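Please write a short report on some local features of this model.

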Amino acid sequence: MKEIGKEKPLDVFLEARPKKELSHSSKRAPEEKRYESLFYWTGHPFVDAGLVALLLISRKNSPEELTEEDIEKAVDFAAKLYARKEWSSGYIHAMIMPNNGIILANPGTTAPISNALKKAIKKEKGVPTKSQTLNEIKAKIAEKFDEQLGEDIVKFIRSTDFRADTLEELIKKVVSSTLNQDFVVHALRRRIKRNLLELLEETQKATNSTSNTPVCVICGRHSAYLKKERYRSVFPLLGTGDVPNYFPSGNPTGEYICAHCLFLVQFLPLVAYKVGGRVLVMHTYPYELMLELHGEALNDVRRNFLASNARDFKRPENFLFHLLGELTRKTERDDLWVNASITLYYFVNNNQGQELDIIHVPTPVLRFIARANSTDPKGWKRIVAMGWRKRPSEEEFEKYEKSYANEVYARLLAEESILPYFIDVKNRRANAKWSLLSFYCSEVLGLDKEALEFIKDVGDRIVETLEKLPDNQLSRRVRELEKAERLYQFEAFFVNLEKLRQRLGIENPLMTFDEFATVLTSYGEDLNVSWRTVKHLLLFRVYEKLHDRLMRASKEVEEAGEEAEENEEVGIFGMGVEE
């Protein structure tokens, strides 16, 4: 298991309740029969994802609003999808819950049908026609499915003309043709629905745990459901009966999970995203965010009858940041992000192996992303573009966002500074507004607002000095700041600039001694980090104010060649500027 981010993901497992109504609206009739407090948020990402699926299917805002009719419709909706091969074998079995006996995610689910037909054909050495043989087919299939399927299969065999040169070819043709009929899918759907409703009935009968019964490890409220094993086949990323030491006390029947949590997790596939060959679930607080972020997944399911492919994004963090931008611009609610928390669970769970990456997004980062997308989306896009080794064009941005890892995203998730990405040294441009930079420094980096204003003021004094220079000398002076890679070089820039102010006849000094000491040493415990922070802030201010002149100067220097840069050594008014 790989964990990205410094905060422990266990923080999001704490039980919580959404504080505000969701953007979805729903009227409920007073006469509706309701499951009073039957479903509730648990703080577990997979169980809560299942609850989100129920709410989104029913277009309801909270568990308390769900009705008996809502749950039955959700069960029917899930059964229709899960009965399809694309869901049972290619998705749920292959990625989430292999060999699930509740929702029949198993390529061998139809084996009883195949076996019954093979036995009957071999017995009669041809297509079964005898009543006894046909009744045996009905009985075998009814045992595993229901009588209706048995009757449908017998009717199909009697009405179809099967021809083959050998008995083996005949068996293959009859079995293949039968399994491809719609009535088989309908039978699977009926069985899945029956299994879910039986588990729902157990949920309704769930009792609080006592000292004599094991408690559910997910919600901690009810007694564990003991009628079936609780392996990874019915709950993602658990162990198996072959490895009993995975479970407490070597329990051979699996983890202690109650019917409530087991029922809900069966709906997880409906709202999960398929991203880069794995499954993505986003667990959030407030829960309103979870409904918003997973709403697209269910909409895709409704539209295509397939699991959502997350718009073909290959990386979960890229997809999340993209969704957050859209959500911020849509809701325009700052209060949504005040104490928000998001953790991504990016996993695959099949018979070949299990993998899980936990990606926690720090709350200050969420607030910053919301602010960036609401107040300066173009600036934020330029910052993100700096995070790829090759800067994408406007047309290429979407391709890069969907496919490639981004250093800006990685640094935000690892709680590392992205301050250098706020400036474009090559083009001598500030990538965003000062207001966004200030918000990032105060909310994410934790810099004092008064300190930011002081640095901004120092930046303005630098601009006041530099703007009096000819273009070529302006470019050289800014380059001194850009190329300051050691503290002594950073110090020399200010000393030289103070001498320049004196030569220019600027009355007030650039800084007092105390201010100079503050700039060099007061922003961060690590001296090597603190002055670099100030450097990037000052460059941002210089680029913001003098971008046009700097680009013009750079162009002139490029046209004049190396000789122009050498001539910049001469100071203004024919006087050399001391180094």
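## Aspartate 312

In this predicted model, aspartate 312 has a relative accessibility of 41%, so it counts as partly exposed. The residue sits in the loop between helix 10 and helix 11 (316–331). Aspartate 312 is not a glycine, yet its phi is positive, about 70°.

Most residues other than glycine have a negative phi, and most peptide bonds are trans.

## Arginine 428

Arginine 428 also is not a glycine and has a positive phi, here about 45°. Its place is the loop between strand 6 (423–424) and strand 7 (429–430). The relative accessible area of arginine 428 is 4%; buried means under 20%, so this residue is buried.

## A cis peptide bond

Tyrosine 285 and proline 286 are joined by a cis peptide bond, with omega about 0°. Proline 286 belongs to the loop between strand 3 (278–285) and helix 10 (287–304).

## Helix 1

Helix 1 covers residues 45–58, 14 residues in total. From its first C-alpha to its last it reaches 20 Å, close to the 20 Å expected at 1.5 Å a residue. Because 14 of its 14 residues are buried, helix 1 is largely enclosed by the rest of the structure. After helix 1 comes arginine 59, with a positive phi near 55°.

## Serine 89

Serine 89 is part of helix 3 (residues 85–96). With 25% relative accessibility, it counts as partly exposed.

Leaving aside neighbours within four places in sequence, serine 89 is in contact with Ala94, Asn106 and Pro107. Between serine 89 and asparagine 99, the C-alpha to C-alpha distance is 8.9 Å, and the two are 10 residues apart in sequence.

Key
Residues are numbered from 1 along each chain as its sequence is written. This is a predicted model: local features need pLDDT of at least 70, side-chain atom pairs count only at pLDDT 80 or more; totals for chains, interfaces and linings use all residues. Side-chain values use heavy atoms; hydrogens and water are left out. Helices (H or I, at least four residues) and strands (E, at least two) are DSSP runs, numbered from the N terminus. The expected span of a helix is 1.5 Å times one less than its number of residues. Buried means under 20% relative accessible area, exposed over 50%, partly exposed in between (1.4 Å probe, protein chains only). Contact means heavy atoms within 4.5 Å.
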